[in-house]
Amino acid sequence: MYVALLNFLLKFVGKDKAKSLKSYNFAAENSKTHIKMAGYLVEDTRKVTTHRLLEMKQAGKKIAMLTSYDYSMAQIVDAAGVDIILVGDSASNMMAGNVTTLPITLDQMIYHARSVVRGVKRALVVCDMPFGTYQVDPQDAVRNAVRIMQETGCDALKLEGGVEILPAVKLILDAGIPVMGHLGLTPQSINKFGTYAVRAREEAEANKLRTDAIALDEVGCCAVVLEKIPADLATEVSQKIKVPTISIGAGGGCDGQVLVVHDMLGMNKGFSPKFLRRYANLYDIMIDAIGQYVTDVKSGDFPNQDEQY
Ligand code: KIV
């Protein structure tokens, strides 16, 4: 039966979708807990919680995470079965056209996160705390964290850094707010690093990352993003800490993966790091569609008799 289904998909739906279903555990498809969301098989449709993330790690089930910055994209990403939606401060680059994540403000992140939350039914929504809102004073950090939670309705916050931000992380957790850590390449510190190259290749930096990951785990973070570090180190850390690790350029040994949605959909041309897999080429598709619209308007072809009152 599955062979027939795959043949059908290959013929009528497309090779890529058939391939993703083929690699899926079809035995699990028979289980009542597996439900199709937008054509893709998802474990179940209950709202994802931080507790479920831990269960997924313990059961060896991988976690899929993507960014979204607005209602429309969040609806699509959620419907396709993504477990965690990150309202990343990469909105600074992707939405506002800034070179770094540093300029985005607390008010702007709140606007993006509130829009995303309105579009999501199932995924856990995590919002980045923007640069400057948690590094200066731990008390300020809690005040800002409470504001984001109250004004957006998101489920958790992400903060970049290790032991140096631990007092802020502890206070935010004490306020009952789940925190996701972020180690390795931390874009808010790009001016200190001076480069977007792979982090923690040297032993001293790798050791600091090990210490930071253990500290974030022990203090009670719900997960840790590991960005652009060697795969061996990420695998070791993933095995050492209790909570899930989510990789962006840190390899397949992590408990989950995250990509910036605009990158994986191929909405921009210029960014092609080794870790990025493009699942579509929306830039070209959108240029073609919009170009056709322009042509139709200029030629008088649009609107036709059926497209007017
Ligand atoms: O802001 C963001 O998009 C992120 C991901 C790259 C993890 O932090």
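User: When does a residue count as buried, and when as exposed?
Analyst: A residue is buried if 20 or more other C-beta atoms lie within 10 Å of its own, exposed if 12 or fewer do, and partly exposed in between, with C-beta atoms placed from the backbone. By that rule, 37% of the 309 residues of the chain count as buried.

User: What kind of model is this, and how are residues numbered?
Analyst: The model is predicted: local features need pLDDT of at least 70 and side-chain atom pairs count only at pLDDT 80 or more, while totals for chains, interfaces and linings use all residues. Residues are numbered from 1 along each chain as its sequence is written.

User: How many helices and strands are there?
Analyst: The chain has 14 helices and 10 strands. Both are DSSP runs numbered from the N terminus: helices are H or I with at least four residues, and strands are E with at least two.

User: And what share of contacts joins residues at least 24 apart?
Analyst: Two residues are in contact if their C-beta atoms, placed from the backbone, lie within 7 Å. Among contacts in the chain between residues at least 6 apart in sequence, 57% join residues at least 24 apart.

User: Let us take α4. Which of its residues are buried?
Analyst: Helix α4 covers residues 50–58, and T50, L53 and K57 are buried in it. These residues cover an arc of only 50 degrees around the axis, which puts them on the same side of α4. The arc is that of the directions from the helix axis to the C-beta atoms.

User: Why would residues a few places apart point the same way?
Analyst: An α-helix has 3.6 residues a turn, so residues three or four places apart point the same way.

User: What is on the other side of α4, and what covers the buried residues?
Analyst: On the other side, H51, E55 and Q58 are exposed. The cover over the buried residues includes the strands β3 (63–67), β5 (124–128), β6 (156–158) and β8 (223–227). After α4 comes G60, which has a positive phi near 70 degrees.

User: What about α9, which residues are buried there?
Analyst: In α9 the buried residues are A168, V169 and I172. Seen down the axis, they fall within an arc of 100 degrees, so they line one face of the helix. They pack against α8, β6, β7 and α11 (203–219). G176 follows α9 and has a positive phi, near 90 degrees.

User: Where does P178 lie?
Analyst: P178 lies in the loop between α9 (166–174) and β7 (179–184). P178 counts as buried because 22 C-beta neighbours lie inside 10 Å.

User: Which residues is P178 in contact with?
Analyst: Leaving aside its neighbours within four places in sequence, P178 is in contact with T50, D155, A156 and C222. P178 and A156 are 22 residues apart along the chain, and their C-alpha atoms are separated by 4.8 Å. T50 is also one of the buried residues of α4.

User: New topic: how do α7 and α8 cross?
Analyst: The axes of α7 (residues 106–119) and α8 (residues 138–152) come within 9 Å and cross at roughly 35 degrees. Axes are lines fitted to C-alpha atoms, for helices over the stretch in contact, and angles run from 0 to 180 degrees between N-to-C directions. The crossing is right-handed; that is, the near helix is turned clockwise from the far one by less than a right angle.

User: Which residues meet there?
Analyst: L106, M109, I110, A113, R114 and V117 in α7 meet N144, I148, E151 and T152 in α8. By class, this contact has six nonpolar, two polar and two charged residues. Ala, Val, Leu, Ile, Met, Phe, Trp, Tyr, Cys and Pro count as nonpolar, Asp, Glu, Lys and Arg as charged, and the others, Gly among them, as polar.

User: Which residues are around the ligand?
Analyst: They are T67, L86, G88, D89, S90, D128, V225, I248, V258 and V260. A residue is near a molecule if its C-beta atom, placed from the backbone, lies within 6 Å of it. The shell has five nonpolar, three polar and two charged residues.

User: What are the phi values of A200 and K228?
Analyst: Phi of A200 is near 60 degrees, a positive value in a residue other than glycine. A200 lies in the loop between α10 (190–193) and α11. K228 is not a glycine either, and has a positive phi of about 50 degrees. K228 lies in the loop between β8 and α12 (231–240).

User: Buried or exposed?
Analyst: A200 is buried, with 23 other C-beta atoms within 10 Å. K228 is buried, with 21.

User: Lastly, which peptide bond is cis?
Analyst: The bond from F302 to P303 is cis, with omega near 0 degrees. P303 lies in the segment after α14 (282–299).
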